[in-house]
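Open the structure in your viewer and keep the selection tool at hand. The stops below say what to select and what is there.

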Amino acid sequence: MSPSNGIARAAAIGMTVLSVLAAPPASADGFAAAASPPRFELSTKPGAAVREVVEIDNATLTPAAYAIKTADWTLDANFGAIFSDALAPGSCRPWVAVERHEITVQGKGAYRFRFEVSPPADTPRGECRFAILVEGAPLTVKTKSGLGVPVSGRLGVIVYLEIGGAQANLKMIGTAVAKVNGEPTPVIQVKNDGDAHGRLAGFLGGTDAHGARLSFAPATFPILPGETRYIPLVVDQPENSPPVHIAFPITIHGKLQWAGGATPFLQRFGP
Amino acid sequence: MGWRGDAVLATLRPVRRACIAAVAALLLTTTAGQTAAATGDPDPSITPAADTDTDFGGDGAGGAPAPQYVDHLINGGKLAPLKNDDGSGGGVTSGLPRYLRLEAVGDRTDGGSLYHQEEGVGVQARLETENFGALSLDGVVRGGPIGGSLSLQQRKMPFDGGWLVNNGVGTVYTPAPSAMRNQYRFYLPNVPVAGLSTEWLHDGDLQLTAGVGAPGVFDGVLLSGFHPLGGVLATAGAQTAIGPHWQAALQVIGERGVGQSALGGDVFNTGPAFGQVNDVSLFGSLAWRGTYGKAQLNGLHSANNQGPAATGLWFDGAWNHGRINQNWGAFWLQRNLSWGYVPVSSDSEGLYYRASYQSQRWVLDGGFDAARSISGAGLSGALVTANVRYRLDLDTAVGAYGTYRLTSPGALDASLFVERQNRFGSGRLQLDASNQNGDTLGRVNLDETWGLQVGMRLMTSVSAVFEDNAGVRTTGFAGALSGGGEITHSLSWDGSAGYQSTRGAWAASGFTADIGLTQRLGHGLTLSATWFDNRSKTSTPSPITPLIPIPAPPSVSHSSAVFVTLRYEFSAGTSIAPIGGRPGAGAGSIHGRLFLDADGDGLPDAGEAGAAGVTILLDGRYPVRTDEAGRYEFPLIAPGPHTISVVPDNLPLPWTVANDGRRTVTVYTRQTVTIDIAATRLR
């Protein structure tokens, strides 16, 4: 799929996602949980256990029972997580222990839930990634064909655990101009040759074909080890400002950074 | 390579993205097998709903379900649940929102000639009612010359027509229109009184205020007590919209027989007062507010029996658009200006301008202030300030700031700094220099905020100082650290310590330290104690003669203080929104009875039975069922017109309701409307 086609689909799908989130999820009545923090980025050494607490809040007025379990996950092309209950090859979930399999949280209450990761002493340098899933009680909804399907509300907390000093090693291998929400946007293709996930950051600037000086920042999507991803460079502007229409070509310069690395950046985008 | 997630997220501001990520943590997923779903990770949280939809009814993986993995349990699943941060196991949600805090405090400060001791108890209680606003009680009982205080306040009590009312009785502050409170450059105080206050607000276009009582002062370290000054005070005012962007405000305050402050000195601090003070002050303003800018012209006139009357005029303007914020103004304030018996800025005229700019990398701000004494007895001069901070990258920032005071003598202060994230945490190196009338000072300061494990914090600071005061040179060193953290789950500490020493003619040394411990006792109880100690030794320059050196004994001072607080806190309840309204906005109710009108007169007679189990609809969408006597009730509905109707499906035959019993009524705040509905026999 070309970046432009993908982005055009993304606008429509994005609207669908937001409308699903905004509308009362009738089939998920009773599930209104939140987790804090929404993500863990931890580090440890081989043989050293890490214990953390995730707070699970029940936003409803009535007590709610949740099933809690771990899952493996991957990111799809849209940076959406695909969870897998089954143990993935090389999964580190056997190192993980959770406080309990089921909890009950009082209405408007919170539960401080503990989990622990114990990498063996002979664990090679790398990154352990898994998710903690919080699932509500299953409900049954009817499909268009009239069949009842068990459905549950669920949220996932992603855990990244760097072991033995694992780090990302990001390399830019290409550039493009693609439509992001209908707007031509500079994007860069980035490969992660490291052994931990990485996220781009940094201050970038450029002057477009009409002489407008713009500031950019790379979108902070995670790039997993061994993966290659397209990352948009987003225009930095004050809140409530009208959208910026970039006049291409534009040369963007600055420095890209990630945890454990940095590289100077100078690229021309557009015809 | 797809772009769907990119495209959605790339159009969102970072903050909004984070919010959506938190909300998006919930998606519907099938309960079996592999599925795509949002996660707590902000990035993958915006996930195409299509993935979820296509997985409905299937395993999502397109194959046989994989074997279920069962997680290990910590300690075999026998860990006791952790308590919440407040020590409780979860909040109580039943009932209206309410809060209670009780505390007993004691403190003692011993500074040689200065000794202060305070003991007392305080209470704060708050209850958010459905229909009478928020009620709060604040009280303090304490020993010593300063008495206690007690106030009962009612906030945002709703009335029909868009009115909200604030009332207070007891030791309260006098009310003031918002144009008087929201000042950019000059502060106009609210005056404490033991009395009454009221404030009426109407949809942002009208505000009425009034208050009366005995004026006084609040004082205390941990608990605030009220001490009356004698006399009586009255104030009243209004603020109203006079156009789409314009507001005008007027407030007057007058006092008679105000005595001396219990804290010493007269109330005007301008010299010995002549008996009791009688005064009157009048404030007025005209304000304009647009999309990006605002401007306000203010006037204040005060007169009292202690000196000549005084007038003040000042103007403040602002323009905030995009990354640039600007403020400017001018002022002319005669000597002895006051608001009631409280002195305000006076004997000064001048102008100011301030501007700031902020982007990803730059923070720039600066300003110019010029003022001079109208009477010539006060200070005159101008002040120029400039501040710049530039982020070289995500880890490093550099900056400088300086001020130049155009007074006699003039003074210049300048600083350069560099901040950097390092392997130990976050550091900052700063160089300061100043010069005033030939006296110079230079200082090098290195601060580090150490990156420790979650729940622990430590900051250190070291500095070296060089001073030259008219040829007398002094060098010095200072070091300080502060930190805190959890010792156990229920016990935490905070503390700091600092030492400084200077050598030379003005030799001095000092040590200060404080340590605080907080123990959560459970059930909402907290015990905290803080100890503070300060020691210093100062030597003044000795006259030097070649024959008789005169040793000057060093001046030694020592002060210490102890603060102890035992606190109980409790909060519970949930706000309830009336049907068609929002919490706290006021509500009325509708109730009545659906009865079988045997005699057909339309009135419920004693022998006529109720129709049980019939659905009554409010506004066609909110249902309730009648009880065994045919009664129904909508206890909380927003003020305004509402329609009641009957769903006649469950009416016993041969009874029916004409036109579905539809009735439209207007419900007012705190009003209960009775609507009895007659079911008639089919003929």
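Start in chain B by selecting B:W319 together with B:Q326 in strand 17 of chain B; the two stand opposite each other. Bear in mind throughout that this is a predicted model.

Next, show the whole of strand 17, residues 324–333 of chain B, along with strand 16 of chain B. These two strands pair in the antiparallel sense, over 10 bridges. Then go to the hairpin of strand 16 and strand 17 of chain B, where two residues lie between the strands. Select B:G322 there: B:G322 takes a positive phi near 60°.

A hairpin connects strand 15 of chain B to strand 16 of chain B through two residues. To see one pairing in detail, select B:L297, which stands opposite B:F315 in strand 16 of chain B.

Stay with these strands for a moment. In a regular strand, side chains alternate between the two faces of the sheet.

The next stop is a set of rings. A search of the whole structure finds 19 aromatic pairs over all chains. For one of them, go to chain A and select A:F115 and A:F130: their ring centres are 6.2 Å apart and their planes stand at 80°, so the pair is edge-to-face. The pair links distant parts of the chain, with A:F115 in strand 8 (residues 110–117) of chain A and A:F130 in strand 9 (residues 126–135) of chain A, 15 residues apart.

Return to chain B and select B:F283 and B:W314. Their ring centres are 6.2 Å apart with the planes at 40°, so this pair is tilted. B:F283 belongs to strand 14 (residues 277–289) of chain B and B:W314 to strand 16 (residues 307–321) of chain B; the two are 31 residues apart, and the pair links distant parts of the chain. B:F283 is buried, at 0% relative accessibility, and B:W314 is buried too, at 3%.

For the last stop, select B:R670 with B:F132 and B:F159. B:R670 lies over the face of B:F132, 5.2 Å from the ring centre. The charged end of B:R670 also sits over the ring of B:F159, at 4.7 Å from its centre.

How values were computed. Residues are numbered from 1 along each chain as its sequence is written. Chains are lettered from A and ligands numbered from 1 in the order in which they are written. This is a predicted model: local features need pLDDT of at least 70, side-chain atom pairs count only at pLDDT 80 or more; totals for chains, interfaces and linings use all residues. Side-chain values use heavy atoms; hydrogens and water are left out. Rings of Phe, Tyr and Trp (its six-membered ring) pair if their centres lie within 6.5 Å; planes under 30 degrees apart count as stacked, over 60 as edge-to-face and the rest as tilted. Helices (H or I, at least four residues) and strands (E, at least two) are DSSP runs, numbered from the N terminus. Buried means under 20% relative accessible area, exposed over 50%, partly exposed in between (1.4 Å probe, protein chains only). A charge sits over a ring if NZ of Lys or CZ of Arg is within 6 Å of the ring centre and within 35 degrees of the ring normal. Two strands pair if DSSP finds at least two bridges between them.
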